[in-house]
Amino acid sequence: MQTETLIIGAGLSGLSLAVRMAEEGRDFLLVEARDRPGGRILTQRVGKGYFDVGPAWFWPGQPRIAALISQLGLARFEQYSMGALSFEDEKGRVERGRGFASMEGSYRLKGGLSALTDALAAQLPKARVVLSSPVVSLAQTHKGITANTESGQEFQAKKVVLALPPRVASQITYSPSLPRETLTAMKDVPTWMAGQAKAIAIYDRPFWREAGLSGDTMSRRGPMVEIHDASPDESGPYALFGFIGIPPHARRDQGRLRQAVQDQLTNLFGPNAAKPETLLIKDWAYDPFTSTEEDQQPLYAHPSYGLPQALTQIWENRLIFAGTEVASHFGGYIEGALEAAENACALIAEEKV
């Protein structure tokens, strides 16, 4: 199949870029390794509830996501933060009212963030989107770039946009080989949230709220190091979610991990927390389309992102990076995915191939 621009990765960045190109009447093809659009955005539905097992928040002062939500007719709501905070020390002793609500003032999306990516995907012609097709090689030709997928599909394009983490992109085979400094730069860019695991405990009533607790917790014991209320904006079911702080190799035993999560919730919130209706655990460190070997250690601080010089001017500007990690202002965030797509769209418009 032949196209002007091949976009690899149907996460928020790739979807946003594809919608922009469709609106401008440009020829493109969007290819995704997973069997669904959304990338790291993934919302699980339990009953009438929606729960983000990937990113969940966005913030005031992020204009692109605010404009997109309005444009798509979606709605936001503020992260629940009313009530006392909790703190768990190394010995499991629980204190109330210590610290601050770290996510107070942040926003979540009604219906979960998959409502956003699903709405974008729905705007694209079905013939322009190819799912379940991991791209394994890219070869430069005198006409442009040839892409081959794991199943043997071949795509011809004048330009290719890598709308995925640079580390994941580094696993593609390139012919001719990319310069050493380019491959090094790709592997040096940490993939945001790739080493993370997230647990969501779902209940039929918000007993922590009834007890005057916000659900916000910081822990020095674990396995969850940070916990927040993950309930939908109205009605139930209700939920608490936590970031699992133990390293990936120590959380392979899912049965043991699930029990440890339930024990910690019971210690923090009492016997009502002991047996959630549903316990969701998503370990992104073992998602092959998100994480690489370099990502096995979780990030504890937000990296300084942006587009390294070594990732520009590749193959006569035919190979363009557009994942959230290369956004200079909001790299790693939802806003950064939209920023990167915006920058890639401008670059495609400027270049005449």
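## What lines the cavity

How do the residues lining the largest cavity divide into nonpolar, polar and charged? There are six nonpolar residues, one polar residue and four charged ones in that lining. Keep in mind as you look around that this is a predicted model.

The count of cavities of 30 Å³ or more comes to one, and the volume of the largest cavity is about 60 Å³. To find it, look for Tyr50, Phe51, Asp52, Ala56, Gln79, Arg108, Lys198, Ile200, Asp229, Ala230 and Phe241, which line it. Two elements give two or more residues to this lining: strand 4 (49–52) and strand 14 (197–203). Strand 4 provides the largest share, with three residues.

## Helix 1 against helix 8

Now for the helices. Helix 1 covers residues 12–23 and helix 8 covers residues 334–350. Their axes come within 8 Å and cross at roughly 40°, so the two helices are oblique to each other. The crossing of helix 1 with helix 8 is right-handed.

Who touches whom here? On the helix 1 side you'll find Leu12, Ser13, Ser16, Leu17, Arg20 and Met21. They meet Ile334, Ala337, Leu338, Ala340, Ala341, Glu342, Ala344, Cys345 and Ile348 of helix 8. Sorted by class, this contact has eleven nonpolar residues, two polar ones and two charged ones.

## Helix 2 and its two partners

Helix 2 (residues 63–72) packs with helix 3 (residues 114–122) at an angle of about 65°, and their axes are 11 Å apart. This crossing is left-handed. From helix 2, the residues Ile65, Leu68, Ile69 and Leu72 meet Leu116, Ala119 and Leu120 of helix 3. The contact between these two helices has seven nonpolar residues, with no polar and no charged ones.

Helix 2 also meets helix 8. Which way do these two run relative to each other: roughly parallel or roughly perpendicular? The axes of helix 2 and helix 8 come within 8 Å and cross at roughly 90°, which makes helix 2 roughly perpendicular to helix 8. In this contact, Pro63, Arg64, Ile65 and Leu68 of helix 2 meet Ile334, Glu335, Leu338, Glu339 and Glu342 of helix 8. That contact divides into five nonpolar, no polar and four charged residues.

A few names turn up in two of these contacts. Ile65 and Leu68 in helix 2 are among the residues that meet helix 3, and both are also among those that meet helix 8.

Some spots in the backbone deserve a second look. Most peptide bonds are trans, and most residues other than glycine have a negative phi.

Where are the cis bonds? One joins serine 175 and proline 176, with omega about 0°. Proline 176 sits in the loop that runs between strand 13 (173–175) and helix 5 (180–188). Another cis peptide bond goes from glycine 222 to proline 223, and its omega is near 15°. You'll find proline 223 in the loop between strand 15 (213–219) and strand 16 (224–229).

Then there's methionine 193. This residue is not a glycine, yet its phi is positive, at about 70°. Methionine 193 lies in the loop between helix 5 and strand 14. Strand 14 is also one of the elements that give two or more residues to the lining of the largest cavity.

Conventions
Residues numbered from 1 in each chain as written. Predicted model: local features only at pLDDT ≥ 70, side-chain atom pairs only at ≥ 80, totals over all residues. Heavy atoms only, no water. 1 Å grid on protein atoms, 1.4 Å probe; cavity = no way out; pocket = protein on both sides within 12 Å on 5 of 7 lines; lining within 4 Å. Points joined across faces, edges and corners; volume = space filled by probe spheres on them. Helix = DSSP H or I, 4+ residues; strand = E, 2+ residues; numbered from the N terminus. Nonpolar A, V, L, I, M, F, W, Y, C, P; charged D, E, K, R; others polar. Axes fitted to C-alpha atoms, helices over the stretch in contact; angles between N-to-C directions. Parallel < 35°, antiparallel > 145°, perpendicular 65-115°, else oblique. Left-handed = near helix turned anticlockwise from the far one by under 90°. Contact = heavy atoms within 4.5 Å.
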